[in-house]
Amino acid sequence: MCTYLTEKIRIDGAAKGASGWFTVTDGMVYVDHPYHACQEHTVNIDLTNPAEGPSARVAIELTEEAALALVEAIHKALAAAPPGLASGTRRSLPA
């Protein structure tokens with residue numbers, strides 16, 4: 001069953017699509033029928049930059065287990081790094 005609930009967030013990052021790298025500004029996460037994955041339902045993640053048009057999009061379709069493993073891996077990677085190291089508010093140190 002589809003939930004029809006979409007979590008939308010503003011993000012600050014970059015992604016690589018068919019045309020190369022682009023800035024991503026928006027993220028959406030939802031459970032729905034996948035376009036390509038072989039499961040009946042997947043956790044779908046879209047990373048986009050609407051200002052750059054439809055080609056500025058990366059889509060991910062994951063099983064529930066894979067999505068939870070990805071969340072856990074992100075938490076572990078952040079916990080292993082010094083706090084704030086990958087923060088958007090971190091300023092580069094002069095060379």
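Some housekeeping. This is a predicted model: local features need pLDDT of at least 70, side-chain atom pairs count only at pLDDT 80 or more, and totals for chains, interfaces and linings use all residues. Residues are numbered from 1 along each chain as its sequence is written, and side-chain values use heavy atoms, with hydrogens and water left out.

Let me stay with D46. Is D46 buried or exposed? D46 counts as buried, at 5% relative accessibility. The cut-offs are these: buried is under 20% relative accessible area, exposed is over 50%, and partly exposed is in between, with a 1.4 Å probe and protein chains only.

Which side chains does D46 reach by polar contact? One is Y30, at 3.0 Å. Another is R57, at 3.1 Å. A polar contact is a pair of N or O atoms within 3.5 Å; within protein, one must be able to donate a hydrogen and the other to accept it, and residues adjacent in sequence count only if both atoms are side-chain atoms. Setting aside residues up to four places away in sequence, D46 touches D26, G27, M28, Y30, R57, V58 and A59. Contact means heavy atoms within 4.5 Å.

Next, T42. T42 also lies in β3. T42 is buried, with a relative accessible area of 2%. Its side chain joins that of N44 through a polar contact of 2.6 Å. Beyond neighbours within four places in sequence, T42 is in contact with Y30, V31, D32, P34, A37, E61 and L62. D32 stands opposite T42.

Now the strand pairing. Two strands pair if DSSP finds at least two bridges between them. β2 and β3 run antiparallel, joined by seven bridges. β1, residues 6-17, and β2, residues 20-32, are antiparallel too, with 10 bridges. Those two strands form a hairpin, with two residues between them. In that pairing, T6 stands opposite Y30.

How many of the 12 residues of β1 are buried? The number is one, so β1 lies largely in the open. E7 sits in β1. E7 is exposed, with a relative accessible area of 57%. Its bridge partner in β2 is V29. Outside four places in sequence, E7 is in contact with G27, M28 and V29. For a distance, take E7 and A56: 49 residues apart in sequence, 19 Å apart in space, C-alpha to C-alpha.

Last, the largest pocket. Its volume is about 420 Å³. On a 1 Å grid over the protein atoms alone, a pocket is an open set of points with protein on both sides within 12 Å along at least five of seven lines; lining residues have an atom within 4 Å of a point. Grid points are joined across faces, edges and corners, and the volume is the space filled by probe spheres set on them.

What lines the largest pocket? The lining is V29, V43, I45, L47, I60, E64, A67, L68, L70, V71, I74 and H75. Both β3 (42-48) and α1 (64-80) supply at least two residues each. α1 gives the most, with seven. By class, the lining has 10 nonpolar, one polar and one charged residues. Nonpolar here is Ala, Val, Leu, Ile, Met, Phe, Trp, Tyr, Cys and Pro; charged is Asp, Glu, Lys and Arg; the others, Gly among them, are polar.

Conventions
On a 1 Å grid over the protein atoms alone, a cavity is a set of points where a 1.4 Å probe fits but cannot get out, and a pocket is an open set with protein on both sides within 12 Å along at least five of seven lines; lining residues have an atom within 4 Å of a point. Helices (H or I, at least four residues) and strands (E, at least two) are DSSP runs, numbered from the N terminus.
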